Amino acid sequence: MTPRLILTFGMSALVLGGTMVGCTGSTGRIASAGDRSDAQAAKAAARNADKAARALAKRDVATAVRFAEDAVALAPRDAGYRMLLGQSYLQAGRFPSARDTFADVVQLYPANGKAALNLALTQVSTGDWAAAQATLHANAAAIPVGDLGLATALAGNPAAAIEILNAAARAPGANAKIRQNLALSYALAGQWNMARVAAAADLSAADLDARLEQWAAFAQPRGASDQVATLLGVIPVADGGRPVALALNAAVPVTPVLDAPEQVATAAPVAAPAPAETPEAQFAKVSLAKVTFGPRIEVVQPLPAPLIRAAATPTRVALATPAASARVVQMVPAAKPFVRARAAAGGDWFVQIGAFRNAAVARSGWDSATRRFATLSGHQPTGTMVAAAQGSLYRLSVGGFTRDAADDMCRAYRARGGACFVRREAGDRMAQWLRTPVQMASR
């Protein structure tokens with residue numbers, strides 16, 4: 001089994017099952033030619049849609065986008081043509097354009113579960129996890145349960161995904177797709193033992209470890225679009241958006257028609273010109289506009305302990321010589337060879353968020369965690385080397401909390417799909433990558 005198949009076997013609802021691709025211009029069609037009822041324009045739109053569908057089947061995405069845009073321009077209110085255009089943008093890696101186009105399809109044809117699912121996935125790929133969850137919730141009845149569950153996990157709520165898929169997996173007629181999507185949702189939630197049990201129902205022992213290794217990498221994306229791009233096998237590209245004229249509600253110039261009898265019978269008084277607004281008044285108007293951002297749902301997934309391999313040799317920590325230490329203490333009395341991290345409030349409780357084979361890997365894990373879980377960025381990472389069954393491990397944590405504060409931090413981290421536990425201080429020191437040696441000139 002190739003690595004690609006190992007990764008996508010549990011995602012057949014989104015990749016192998018055809019939910020994401022294969023839409024033609026006739027799917028969900030609700031109007032023949034929109035506001036342009038001209039028969040010739042309708043025939044031209046249909047020809048362009050057919051060419052786009054054939055190009056998309058051949059993975060010629062540039063040609064597919066061009067013809068699909070032409071079809072939509074000729075028939076702007078045809079949901080099928082817009083669905084085809086959204087699929088073309090998606091295969092081209094143009095996620096913002098695909099998101100806006102699928103939103104138009106859902107507006108034209110609310111019962112289209114495929115469009116709703118694609119809209120949610122493109123919202124995930126553009127970093128709008130809250131909007132993706134809202135889309136999935138609003139269209140849950142129209143989306144197949146296997147797709148709904150895994151998409152919910154990708155949208156940053158693996159706990160809800162497990163609840164959805166666990167019930168589906170226990171129902172009569174449950175298939176391998178549902179069970180594997182459940183296993184992947186467990187992995188995204190950091191429950192690796194449960195992921196192994198669920199995945200083992202349809203895999204041999206030889207394939208199981210390879211599957212979990214693939215999921216470990218999949219669970220730690222570098223960017224918002226990485227997971228969806230991996231599912232589709234596409235490369236995200238910089239996207240300035242679709243042509244403005246293709247928007248569903250694009251402005252159309254309208255010439256007002258006056259009622260002639262009223263115009264003749266009544267002469268409107270000439271109003272005195274309004275005084276020019278001062279810059280201060282214009283600024284006051286602008287300042288009244290408010291922009292409200294939805295909450296950002298983040299997911300951080302540390303590597304599972306069963307997949308962490310011991311380093312070839314234990315990490316060596318060089319200690320300062322007594323003479324050097326004495327000289328540093330004399331010059332900078334507050335300095336110490338190692339600094340223990342403490343929060344301002346004080347406390348000896350720590351939240352452990354992962355264990356890695358060395359400090360370098362831990363640093364990568366910390367960078368990934370802070371990108372996707374903003375709360376961590378306000379804390380200083382700490383760590384320590386410990387002996388474990390797998391070999392020497394570098395434990396990564398944040399600390400200096402009271403017990404209640406540590407519990408709150410871990411609870412919030414778990415709610416966003418992370419794995420952690422609370423413990424007391426056990427030799428935790430400032431993370432190694434923060435302890436950069438500083439050379440000081442001697443007297």
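Let's start with a pair of side chains: Arg 82 and Asp 104 meet in a salt bridge, 3.1 Å from N to O. By salt bridge I mean a side-chain nitrogen of Lys or Arg within 4 Å of a carboxyl oxygen of Asp or Glu. This pair links distant parts of the chain, with Arg 82 in helix H4 and Asp 104 in helix H5, 22 residues apart. Both Arg 82 and Asp 104 are buried; buried means under 20% relative accessible area, exposed means over 50%, and partly exposed is in between, using a 1.4 Å probe and protein chains only. Arg 242 joins in too, linked with Arg 82 and Asp 104 in a network of salt bridges.

A quick word on what we are looking at. This is a predicted model, where local features need pLDDT of at least 70, side-chain atom pairs count only at pLDDT 80 or more, and totals for chains, interfaces and linings use all residues. Residues are numbered from 1 along each chain as its sequence is written, and side-chain values use heavy atoms, leaving out hydrogens and water.

Now the overall picture. The protein has 18 helices and 5 strands; these are DSSP runs numbered from the N terminus, with helices being H or I of at least four residues and strands being E of at least two. Of the 443 residues, 42% are buried. Taking contacts with a separation of 6 or more, 70% are between residues 24 or more positions apart, where contact means heavy atoms within 4.5 Å.

Back to charges for a moment. The whole structure holds 11 salt bridges. In one of them, Arg 99 pairs with Asp 100, with the closest N and O atoms 3.1 Å apart. Here Arg 99 is partly exposed at 26% relative accessible area, and Asp 100 is partly exposed at 30%. Another salt bridge joins Asp 348 and Arg 424, at 2.9 Å from N to O. That pair links distant parts of the chain: Asp 348 sits in the loop between helix H16 (322-331) and strand E1 (349-356), while Arg 424 is in strand E4 (residues 421-424), 76 residues apart. Asp 348 is partly exposed at 30%, and so is Arg 424 at 47%.

Next, helix H6. It runs over residues 113-125, has 13 residues, and reaches 18 Å from its first C-alpha to its last, close to the 18 Å expected at 1.5 Å a residue; the expected span is 1.5 Å times one less than the number of residues. Is H6 enclosed or open, and why? Because 12 of its 13 residues are buried, H6 is largely enclosed by the rest of the structure. Among the buried ones are Leu 117, Asn 118, Leu 119 and Gln 123. The cover over them includes helices H4 (79-91), H5 (95-108), H7 (129-138), H8 (145-154) and H13 (226-232). At the N-terminal end, Asn 112 caps H6, with a side-chain oxygen 3.1 Å from the backbone nitrogen of Lys 114. Just after the helix, Gly 127 takes a positive phi of about 85°.

Speaking of phi, most residues other than glycine have a negative one. Arg 59 has a positive phi of about 65° although it is not a glycine. You'll find Arg 59 in the loop between helix H2 (39-57) and helix H3 (61-74), partly exposed at 46%.

Helix H11 (residues 192-200) has two sides to show you. Its buried residues are Trp 192, Ala 195, Ala 198 and Ala 199. Helices H10 (176-188) and H12 (205-218) are included in what covers the buried residues.

Last stop: Ser 397, in strand E3 (residues 391-401). Ser 397 is buried, with a relative accessible area of 0%. Its side chain makes a polar contact of 2.7 Å with the side chain of Thr 382, and another of 3.0 Å with the side chain of Asp 428. A polar contact is a pair of N or O atoms within 3.5 Å; within protein, one must be able to donate a hydrogen and the other to accept it, and residues adjacent in sequence count only if both atoms are side-chain atoms.
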